[in-house]
Amino acid sequence: MKRILALILVGIMLLTLTACGRQEKPADNTAQPAGNAVAEQDKGAAASAPSGTETGTAGAAVAEHVNLALSSDPGSLAPWEPSSDGRKMYAEVYETLFNYTSFGGDFVGIIGKSYEQLDDFTYRVYLYDYVKDSGGSSITSEDVVWSYEQCIAGGGYNNRVKDIVDVEAVDDYTLDFTYAQVLDYASFCESMMIYIVDKETYGSIGEEEYAPHPVATGPYLVDEYTTGSYYNLTKNENYWQTEDKRSVIQQQNCNSITYKVINETAQLAIALETGEVDMVAGIDSDNIGYFYDTGSQAALDGWFVQSELSVPCYSLVLNCSDKSVLKEHNLRLAVLYAIDNEALLATAVNGEGKVEYTDGGQQYSGFQQAMADAAAENCYGCDLSKSAEYLKAAGYESGELKISLMCANFTQNVAVILQSQLLAAGINAEIKAYEPALYETYCTQDDQWDMVLAFKGKSSGLLTDYWAHFLATNSYGQANMIHDEKLASLYANSLSQDATDEDILACHNYFTEMGYFYGLFNNQEYIVGKEGVTNFVTSGQYGIIPGACTYSSVFNQ
């Protein structure tokens, strides 16, 4: 008997007004035993600027074949096409100079061996001197220069290359990158993540033939495919990197991979149950019960489940311009002290996730325990009496303050819960819900809203990079619609290559005390695989990286 598994974004429980209480501090992200239990992924320490590479782990057994899903067809496999869900297989086929080992993980060498900063605008990159593509051609500085030229001309990765002024080959395995401005760490890292291919090979094959059959340096090769149906990858038996120097994402823990195009997200759980695919990321709360017991926190027989917090975060931006009543500091604090994140999490997603203690989740590298420790003293500690005090200090009695709360229509359920919490504090919030494109337009207009419910993330996994959504200065100011020079200075310090934990904490403390931005919560997400998977390796950009995951012999049975 076939079951229809409905996909829902989030479920709203019956709205009840819950008395505010102090929030608990977050528990450490410790991984639990594999097998028929859930494993919570370790997100790693704060990212730094390392030289060289971090070695990865070969699995206890090599998986003979792994099937997984793509939500859309890539259309083209050319190296400089814009990122899309359909091109997540690029993690196995193409390689960059450096890359992240996971969401919020270390930034390590791939084709690049190390780098150093020569001055404010110039970085020197050193390549491994034995890199070869699957056709046997050596990769040198000339190929890197040419790859960057092609990428810049194509325009598919403007966000990564926009600050590059020049890429110059110093010798066969050394290059200098010159930038138009001083880069923060995250921006430099992005500029190193361009796919590198051999100039001569690409030229001799031609773009039309190269796109469907890439000759690249990755650990896997594109074998065969049918557009709109599947893409088969096989292990690159002549992969260039020695086993002792392979990073996490360069492992070859399966012999072959098939990416199957499954356009309907609601069909993913069914495909997993029927064995059409072996692993799926992002199983929603409506379907996780078929694979995992949330009560005992254990996977059901025959499955391996790993949980992690979602990349996108729910957060609030408060309008500080002259067009909004929330330009008054006391009113912003009155609003924020009325919010109970724990109750919001429990009601919006049945408690499946974690509350935030800054603008950005605990899974982001750069989050500090001190941010959670301060919740009892700042607006993250819900307190209706303090809310009333701040309201009165601004000249308002209960029920007099009226504000607008803008959201995208797909987050309206969360806005409704916030509305009820604010009402309990004597604050009236009118919800303005729009389709995403119009919502994004209105976010830049100071006369359209008093408070915005945002749902954003950053694939780098760096907290300060995520803050760019809100703290970066635009023509209208920061996301809160004013130009705050102190905030700009503190944010610049937190982005510096030499930034310390204290720099990051100082920035957080300031925008929290000012009531500019406020983190709410992150959803818990589940990655499910058939029994025999022992660890999932995932990336904010690529999702599951099957060659990097580890397996036991049970997987092949």
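**Figure 1. Asp223 in strand β9 of the predicted model.** Asp223 is found in strand β9, which spans residues 220-226; the coordinates shown here and in the following views belong to a predicted model. When residues up to four places away in sequence are not counted, Asp223 touches Asn232, Leu233 and Thr234. Ile257 lies 34 residues from Asp223 along the chain, and the C-alpha atoms of these two residues are separated by 9.7 Å.

**Figure 2. The open sheet formed by β5, β6, β8 and β7.** Four strands are arranged in the order β5-β6-β8-β7, and their pairing is antiparallel. The edges are β5 (112-119) and β7 (164-171), each of which pairs on one side only. On average, and with direction ignored, neighbouring strands of this sheet are turned by 20 degrees against each other. Strands of a sheet pair through backbone hydrogen bonds, in either a parallel or an antiparallel manner.

**Figure 3. The pairing of β6 with β8, and the helix that crosses them.** Strand β6 (residues 122-127) runs antiparallel to strand β8 (residues 174-179), and five bridges join the two. Within this pairing, Thr122 stands opposite Thr178 of β8. Helix α2, comprising residues 141-154, lies across β6, β7 and β8. The direction of α2 is at about 165 degrees to that of β7.

**Figure 4. The largest nonpolar core and the surroundings of Phe177.** The largest nonpolar core contains 78 residues, and those with the most contacts inside it are Leu97, Tyr148, Phe177 and Met192. Helix α2 supplies the largest share of this core, namely five residues. Phe177 touches, among others, Leu97, Tyr148 and Met192, not counting residues up to four places away in sequence. Further contacts of Phe177 include Phe121, Thr122, Tyr123, Val125, Val144, Ile164, Asp166 and Val167. In soluble globular proteins, nonpolar side chains tend to be buried together.

**Figure 5. A second core, and the cysteines Cys379 and Cys443.** A second, separate core of 74 residues includes Ala375, Cys379, Ala408 and Ala429. Cys379 has a relative accessibility of 3% and therefore counts as buried, the limit being under 20%. Cys443 is also buried, since its relative accessible area of 15% is under the 20% limit. A search of the whole structure finds zero disulfides.

**Figure 6. Helix α9 and its packing partners.** Helix α9 covers residues 341-349 and is mostly covered, with seven of its nine residues buried. The buried residues are Asn341, Ala343, Leu344, Leu345, Thr347, Ala348 and Val349. They pack against β17 (353-355), α12 (412-424) and β21 (517-530). At the start of α9, a side-chain oxygen of Asp340 reaches to within 3.2 Å of the backbone nitrogen of Glu342. After α9 comes Asn350, whose phi is positive, near 60 degrees.

**Figure 7. Overview of the protein chain.** The secondary structure comprises 17 helices and 25 strands. Of the 557 residues in the protein chain, 54% count as buried. Among contacts between residues at least 6 apart in sequence, 74% join residues at least 24 apart.

How values were computed: Residues numbered from 1 in each chain as written. Predicted model: local features only at pLDDT ≥ 70, side-chain atom pairs only at ≥ 80, totals over all residues. Heavy atoms only, no water. Buried < 20%, exposed > 50% of the residue type's maximum accessible area, 1.4 Å probe, protein only. Contact = heavy atoms within 4.5 Å. Polar contact = N/O pair within 3.5 Å; in protein donor to acceptor, adjacent residues only side chain to side chain. Pairing = 2+ DSSP bridges. Axes fitted to C-alpha atoms, helices over the stretch in contact; angles between N-to-C directions. Disulfide = S-S within 2.5 Å. Core = buried A, V, L, I, M, F, W, Y, C linked by side-chain atoms within 4.5 Å.
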